[in-house]
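Me: I should like to learn how to read a structural model. Could we go through the features in turn?

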Amino acid sequence: MFLPPVCQAAQWQAGTARVSITPREPLWLGGYADRTQPSRGVAREIYVRALALSHAKGSPSVLVSIESLGFPAAVGQRVADRVEESFGLSRDRLLLNASHTHSAPALGDTLPVAYRMSPAQWEMIRSYTRWTEDRAVEAIGLAIGDMKPARISFGQTRATHAVNRRVKGPDGDFEIGANRLGPVDHRVPVLVVDNLSGELTALVFGYACHNTTLRGTNLEIHGDYSGVAQAWLEERFADSVALFMAGAGGDANPYPRGTMQLAEEHGRNLALAVGSLLSGPLRAVEGPLQTSFETVRVSFDRVPSREELEERLEEVPEDYFRRRHARMLLDSLEQEPIEGGYDYPIQVWTLGRNLTLVALAGEVVVDYSLRLERELEIEGSLWVAGYSNDVPGYVPSQRILREGGYEADMSTIFYGLPARFAMSIEDTIVEKVREMVERLQIR
């Protein structure tokens with residue numbers, strides 16, 4: 001294995017942890033609205049993994065990778081509050097990324113309209129959520145306690161199972177399918193952590209593709225292709241921890257998909273791509289490690305009035321989800337007005353001049369990573385992750401909002417949003433990222 005320069009040895013400290021979050025009872029799985037019953041058994045164990053890093057005499061920063069549909073803001077905030085109290089970790093130094101597997105238990109109150117759970121089943125999810133928060137805090141503490149001198153390097157490879165899923169139908173509407181000509185990001189960024197003996201201790205790798213090889217008919221606990229890749233790498237490189245970071249793949253699906261065998265194949269191929277990178281030259285990553293966490297207000301297109309919501313109840317009597325969505329919004333109006341926007345979290349980490357990591361919340365579509373790559377003036381490499389720190393819903397681009405379809409419109413029903421996002425969302429997010437990156441660069 002290629003080893004970074006020895007002069008780097010005294011600069012970095014790193015620690016890892018892996019804690020199981022596999023439930024031992026049937027729970028409702030997250031992600032698919034067509035499920036009508038909870039889980040049945042465990043095909044693969046699922047985990048929360050943590051990597052703690054510090055440079056020189058700096059304070060630790062921790063990256064958390066969880067095998068779940070998403071990290072809701074309220075769940076992430078409770079975890080952040082606890083680790084700040086216990087370990088002195090400020091919010092900007094805690095990055096929470098979810099793999100977006102649709103074969104792990106639902107977490108928090110994400111997708112409130114999508115699930116046909118009974119009150120008792122919702123209470124089981126709340127209990128699992130509290131238990132998972134405990135496991136996340138445990139993993140963070142273990143990773144911080146495990147910190148030792150380390151060397152860090154970076155490389156980039158490719159995987160090919162992502163295909164753009166937006167297909168224009170004969171009536172002009174966009175449907176979910178396989179669009180081989182649509183935009184997609186096949187890059188696989190990889191952060192490599194070695195100890196001073198040259199032994200691999202951690203791999204962080206990303207890919208911009210939905211973690212949905214398995215469909216809603218699957219009721220077994222499973223991490224999907226990313227879970228397979230992480231397990232394969234941890235078996236291949238003993239005593240290491242492999243952390244997957246979901247990328248900006250909101251409009252990409254695995255292809256082909258639908259079976260456990262395909263999930264195994266996609267995961268193994270992704271792991272082989274990551275593993276093969278280790279035999280070639282990698283770029284040493286220097287410090288310092290600088291972090292930033294902020295929110296920016298993104299607007300909804302147009303919030304419906306009470307009268308409009310009441311009309312929807314009459315207009316769509318046969319549409320279970322639209323009626324449920326309208327009823328939920330009407331119930332919320334009894335407490336307070338519906339807000340016209342959302343406080344969207346953005347996190348940026350810079351590792352010296354070698355690597356800039358931008359972590360965006362929700363189901364970010366590929367246009368964001370491609371645009372940021374074109375427009376940001378940075379030294380070194382850019383790594384854009386989605387599904388980080390919150391899961392408010394899909395984060396559509398201007399292109400997708402113009403075209404319409406599931407990511408722009410129907411998904412807002414399942415996520416319980418009052419309306420589609422305004423066309424300004426893309427520029428608002430990109431400009432905020434630019435501002436945060438520039439501020440870190442001049443420190």
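**Reading the model**

Reply: Let us begin with the largest pocket, to whose lining α1 (73-87), α6 (320-333) and β14 each supply at least two residues. Helices (H or I, at least four residues) and strands (E, at least two) are DSSP runs, numbered from the N terminus. The model is predicted: local features need pLDDT of at least 70, side-chain atom pairs count only at pLDDT 80 or more, and totals for chains, interfaces and linings use all residues. Residues are numbered from 1 along each chain as its sequence is written, and side-chain values use heavy atoms, with hydrogens and water left out.

Me: What is the average pLDDT of the chain?

Reply: pLDDT is the predictor's confidence in each residue, from 0 to 100. Here the chain averages 95, and 98% of the residues score at least 70. Over residues 1-9, however, the pLDDT is below 50; this stretch has 30 contacts in the model beyond near neighbours in sequence, a contact meaning heavy atoms within 4.5 Å. Where pLDDT is low, the predicted coordinates should not be read in detail.

Me: How much space lies in the largest pocket, and which residues are closest to its centre?

Reply: On a 1 Å grid over the protein atoms alone, a pocket is an open set of points with protein on both sides within 12 Å along at least five of seven lines, whereas a cavity is a set where a 1.4 Å probe fits but cannot get out; lining residues have an atom within 4 Å of a point. Grid points are joined across faces, edges and corners, and a volume is the space filled by probe spheres set on the points. The largest pocket holds about 730 Å³. It is lined by 26 residues, and Tyr342, Tyr415, Gly416, Leu417 and Pro418 are the closest to its centre.

Me: How many cavities of 30 Å³ or more are there?

Reply: The count comes to four. The largest cavity has a volume of about 150 Å³. Of its 15 lining residues, Asp185, Arg187, Pro189, Trp383 and Val384 lie nearest the centre. Strand β17 gives the largest share of that lining, three residues.

Me: In what order do the strands of the sheet with β17 stand?

Reply: Two strands pair if DSSP finds at least two bridges between them. This open sheet of four strands has the order β13-β14-β15-β17, with mixed pairing. β13 (289-299) and β17 are the edges; each has a single partner strand, so one side of each lacks a neighbour in the sheet. Strands β15 (residues 355-360) and β17 run parallel and are joined by five bridges. Within this pair, leucine 357 stands opposite tryptophan 383 in β17.

Me: Which helix lies across β15 and β17?

Reply: Axes are lines fitted to C-alpha atoms, for helices over the stretch in contact, and angles run from 0 to 180 degrees between N-to-C directions. Helix α7 lies across these two strands, at about 160 degrees to β17. Helix α10 (residues 425-441) lies across β13, β14 (341-351) and β15, at about 155 degrees to β13.

Me: Which side chain forms a polar contact with that of arginine 399?

Reply: A polar contact is a pair of N or O atoms within 3.5 Å; within protein, one must be able to donate a hydrogen and the other to accept it, and residues adjacent in sequence count only if both atoms are side-chain atoms. Arginine 399, found in helix α8 (residues 398-403), has such a contact of 2.9 Å with the side chain of aspartate 367.
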